[in-house]
Amino acid sequence: MRFLLLMVLAVCAGMNQSAATAQEFPSPKLVHLLKDKIDSDYERLDKLYKHLHAHPELALQEEKTAARLAQELRAAGLEVTEKVGGFGVVGLIQNGDGPVVMIRADMDGLPIIENTGLAYASTTRVRNEQGREVGVMHACGHDVNMTSLVGTARLLCGMKDQWRGTLLFIGQPAEETGAGARLMLQDGLFRRFPKPHFAFALHCDGRFPHGTVNFRSGQMQANVDSMDILVRGKGGHGAAPHTTIDPVVLAARIILDLQTLTSRERDPTDAAVVTVGSIQGGTKHNIIPDEVHLQLTIRTTNDKTRKEVLEGIVRIAKAAAQGARAADPIIKHDAGSYTPALVNEPELTQKTVALFRKTLGADKVIERPMSMGGEDFSQFVRAGVTGFYFHLGCVTPERFEESKKGGKPLPPTHSDGFYPVPEPTIKTGVLAMSLAVLDVLDHK
Ligand SMILES: [Zn+2]
Ligand SMILES: [Zn+2]
């Protein structure tokens, strides 16, 4: 039903008009022109990329990154508004009647000490919320995503005579924590600025060679929820457990019981994940503590399963506590931390993927299985925008082939050795994104 509604919107937005020109779009001449322009702009983009890579900031602290992005988007010719939902940046260009298209890049880095050995590696150190010094690194490739955004803005603003419509270029904070898209929407992104008919985002992907893109039509990523469970017991001497209610043993039981939620209660074809990523309790060998704190991430693929798994966690934790004669655990489910499943609208996906196959090469466009990862671009789709999100390969083909043959594994995103090869990756990103956007705009 929602897809049907989205398609009505898409048709209203002129998708049919551009579909009528799909056969001749893009002409070889246009692709050639775009590639030439990207080549001649690359030196500037390379400097920007290396600056962003060397100066990462954590989620909700993206002050300097946002200021630099705003400056770049302004230089491209956009009308820029800063501090939309924290450090969110919105660059707007209105160029006659036509669809409104949004392009989004995420801006935050991760609390990791970089270990790539690159000349432009980050040496940044900050204090995290707990006051501990941590490194900061663009270990998820958001520097690639931002540079591709700026490259696309510069390219499309420089060829306004070729298209009609409105473009919104978004620098989004805090993708890693799942808060940024929600904050921008809550701050009126779609009320203060024209609401898009279409939204696109690309994301750097360290599992594939540069020059490639990968995608999935329909559901691409999972619902993400976070929960905290404070397991309450009664502390005492480690040598006299009978005088205590041991919350460490109770927490261990809860963790194991939770695994039955996915393995015994769910239909095995309906994927769900319950991971306890953190367990904290106690101070030394011979003291039984009063409490143990568990932190969970929960991944599901649909609303019904989500509801049942979240309820199941509460039921299992309470039942285990009752079994141990302990007080009910204190369970916090931060509804604000929820990131809905990412769904690529099938018709827009099909149209854009056909375009990619034609322009990047059929063998460079890879359909992927669904992942249980999360991505808050989904918030814009949930807010009623027809969206397509795709991944951009970023490692050398040689490293990719070697890893496939069982050689040195590729460092995954979120690891200290992860690094994209900037030039071919960003050039492919700008070309793919510019074509995707032009394809849904009205052509002159
Ligand atoms: Zn990311
Ligand atoms: Zn990430």
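**View 1. The two domains of the predicted model.** The centres of domain 1 and domain 2, taken over C-alpha atoms, are separated by 37 Å. Domain 1 comprises 2-221 + 341-443 and domain 2 comprises 223-337, with bounds from an automatic or database domain assignment. Five residues from domain 1 and seven residues from domain 2 form the contact (C-beta atoms, placed from the backbone, within 7 Å). This is a predicted model, in which local features need pLDDT of at least 70 and side-chain atom pairs count only at pLDDT 80 or more, while totals for chains, interfaces and linings use all residues. Residues are numbered from 1 along each chain as its sequence is written, and chains are lettered from A and ligands numbered from 1 in the order in which they are written.

View 2. Strands (E, at least two residues) and helices (H or I, at least four) are DSSP runs, numbered from the N terminus. Of the 12 residues of strand E7 (residues 198-209), 11 are buried (20 or more other C-beta atoms within 10 Å of the residue's own, all placed from the backbone). E7 pairs in the parallel sense with strand E3 (residues 100-106) over four bridges; two strands pair if DSSP finds at least two bridges between them. Arginine 104 has alanine 201 in E7 as its bridge partner. With strand E18 (residues 386-395), E7 pairs in the parallel sense over nine bridges, and phenylalanine 200 stands opposite phenylalanine 388 in E18.

**View 3. An open antiparallel sheet.** The order of the four strands is E12-E14-E10-E15. Strand E12 (272-281) and strand E15 (330-333) are at the edges with a single partner strand each, so one side of each lacks a neighbour in the sheet. E12 pairs with strand E14 (residues 291-300) over nine bridges, where alanine 272 has threonine 300 as its bridge partner.

Technical notes: Contact = placed C-beta atoms within 7 Å.
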